[in-house]
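Here are a few exercises to work through with the model open beside you. Try each task before you read its solution.

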Amino acid sequence: MQFFQYGNEGYKSILDPRTKLLLLVVINVVIIGTGFTGTDFLLRIVCAAIPLVLFVIIRRYRTALLYGLVCLVMFFGEAVLIPCTTGTINLLIVITLGPFSRILVGYAFAYYMMCSTTVSEFVTALKQMRVPDQISIPLSVMFRFFPTLAEESHAIRDAMRLRGIRLTGKNGGLLKQIEYEVVPLMMSTLRIGDELSAASLTKGLNPGKPRTHICRVKMELWDWALVALSLGFLIYMLVLR
Amino acid sequence: MIKFQDVSFHYKNTDAFGKQQKTRGVDGLTLTVKKGEFVVLAGDSGCGKTTVTRLINGLVPHYYEGELSGTVSVCGMDVQSSGIGDLAPHVGSVFQNPRSQFFNVDTTSELAFASENLCTPPDEIRKNIRRIVQEMYMEPLMDRSIFALSGGEKQKVACASVAVAEPEIMVLDEPSSNLDAAGIEELAKVLALWKAKGKTVVVAEHRLYYLTALADRLLLLRDGKLAEEIPGDQIRRMDNAQAGERGLRSFTPIAMPETETVSAEDVLVCEDLEFHYKHSENGIHIPYLCIPRGKITAIVGKNGAGKSTFARVLCGLERKSRGSVRFEGREWKPKMRPSLCYMIMQDVNHQLFTDSVLEEVMLSMPESVSKQEREPLARKVLEQLDLSYLSDIHPMALSGGQKQRVAIAGGVVAKNPVLLFDEPTSGLDLRHMRQVADLLRQLRDTGKTVIVITHDPELVQEIADRVIAFC
């Protein structure tokens, strides 16, 4: 389990995390709030195309292809099949495609955000948006803890198998199973958390005190262009429509 | 640079029975460390050496609470009245556990972390990082996920992340505990570099051989007091017998004993054992391996040689392995292997589940044992392992050594003929290492086949009937 990227081996994102956050909101607003006629439809297509282009830029060609195909099927279904069918078939298509097509684009964009942003870029961007330490520090510790939790729980499950603790059989039962897994997991997480705080304190971590960042996060030309586009979309959605 | 004046410290905590108690850290300790000196702190576990390192970086008394008397001054600051944050620019700390000392998820951010907290301008931090990376030959480790590094690489990053902010004093608390021989060699190079740059270095450590050449002084602590002060020249002339008298581990490197051939009588035979991890090149292929029954066999070899994978295959944790395992005239399929071989893991915390020691032992009993027999049998095994007085205690409240014994008790009642130990002596002093060795011999003498995976040459020398080297 891993959100965001943990290393950036020779790879540099072209967008600022703040732009990505704004786009994530705007794309969802547009896709959920528009229909299939006139300007609405045009907007939908533009928003759906954004993740596609971005996937190509970060060289995730297979993801791009898959996403593009699914998108095409969706649009075809919603724009062509729904108007020309009636009765049960129409209902079926609406129920299956409707919610899915409204989630798909936003989901794809969120996925892009996770694969193109490192944790340090994200945390630096939060700082630049003046998010207080009380939120940004727990967030970065959280990202750091996901893999640790996975490692620990893997080891505990191995130990359970060694001792023959299974869902069925002598020491079985779901509740027992959960208890046996959660108690050692909590103990080891507490211990790791305790040692981690001690180590961070000796490195001078002091929430609330100003600190610098070596991670470069800057709004470039592309970012401003996309911000302008997003604002345009928002104005259309909230005012013009 | 560092001055302790009649310092005593007692930790406040609760014992295994839930009573409030005070544990002695150090007791009336007076010592000075000069600028640029390389000092090794040695002594049994619980002798107070970790407390000394914590007093230098301020974790005692500001993070670990207790009663402090006397004065500690570091770089002219009084530790009691200044905070950990005030000491941070002057003291860099490297800890024992590579899993819990990184705040960031990637190596480059971790290297910058301490300097960022000190508000050093970003360009200067980048310059310092480039310099340290060059000095320590660690270009290949940059911009990587911390979670993809080996233990040795993590400890190297930990050292580098401390060095980037250029503190005058470096304190290390058992930095070699989780490292193999190659990792220790790398660590020794880093320490030599720091010494050459004129840093003041204080290392608390059990394994001493890699520090012998570097040490200016060795301080031997006993019961929180300074027992002996040995100058560097003298350490370099001392032999292992003299180290042993003082309860210390060897001052000189010990070669792993040679492999002996074994007469094929009663053996555990592995043939054509093969296993490969998904999406990875790691795996093992063992054409033929036999392990004598009722003996202690040590498995040695560097990290990544497949020792742990072999252990997982033998215990049946990797079901998709190919090849055969034969023991006592029958074939053990992967599914059956959990009742052949019981593993005592390196981190025993992972394998203790219940809320009392007695229950923990009963949990491991095979289904064939009847209800009335269970408790007496468990108590008998606890008796054998000197654990009876702890039978109602929560396993997590025990000390590391006691937990290990509880895990062993589980293996004994499970009636598995083979017991496998993964690094049972990592981070142990001489006395505790010998205790573990005695325990392993005791298990062998009751007829168990004991397999030990270890990086500890002294343990191998002490107990192994046979050594198998993986490479």
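**Exercise 1.** How many helices and strands make up the secondary structure of chain B?

*Solution.* Start with the ground rules: this is a predicted model, where local features need pLDDT of at least 70, side-chain atom pairs count only at pLDDT 80 or more, and totals for chains, interfaces and linings use all residues. Residues are numbered from 1 along each chain as its sequence is written, while chains are lettered from A and ligands numbered from 1 in the order in which they are written. Next, take helices (H or I, at least four residues) and strands (E, at least two) as DSSP runs, numbered from the N terminus. Chain B then comes to 15 helices and 19 strands.

**Exercise 2.** Find which domains the assignment gives for chain B, and how far apart their centres lie.

*Solution.* The bounds come from an automatic or database domain assignment: domain 1 of chain B spans 2-245 and domain 2 of chain B spans 267-469. Taken over C-alpha atoms, their centres are 33 Å apart. Now count contacts (C-beta atoms, placed from the backbone, within 7 Å): domain 1 of chain B gives 16 residues and domain 2 of chain B gives 14.

**Exercise 3.** Work out which helix of chain B supplies the largest share of the side that touches chain A.

*Solution.* First, the totals: 51 residues of chain B are in contact with 44 residues of chain A. Then list the elements of chain B that each supply at least two residues: helix 3 (84-87), helix 4 (107-117), helix 5 (122-135) and strand 16 (341-344). Helix 4 of chain B has the largest share, with 6 residues.

Technical notes:
Two residues are in contact if their C-beta atoms, placed from the backbone, lie within 7 Å.
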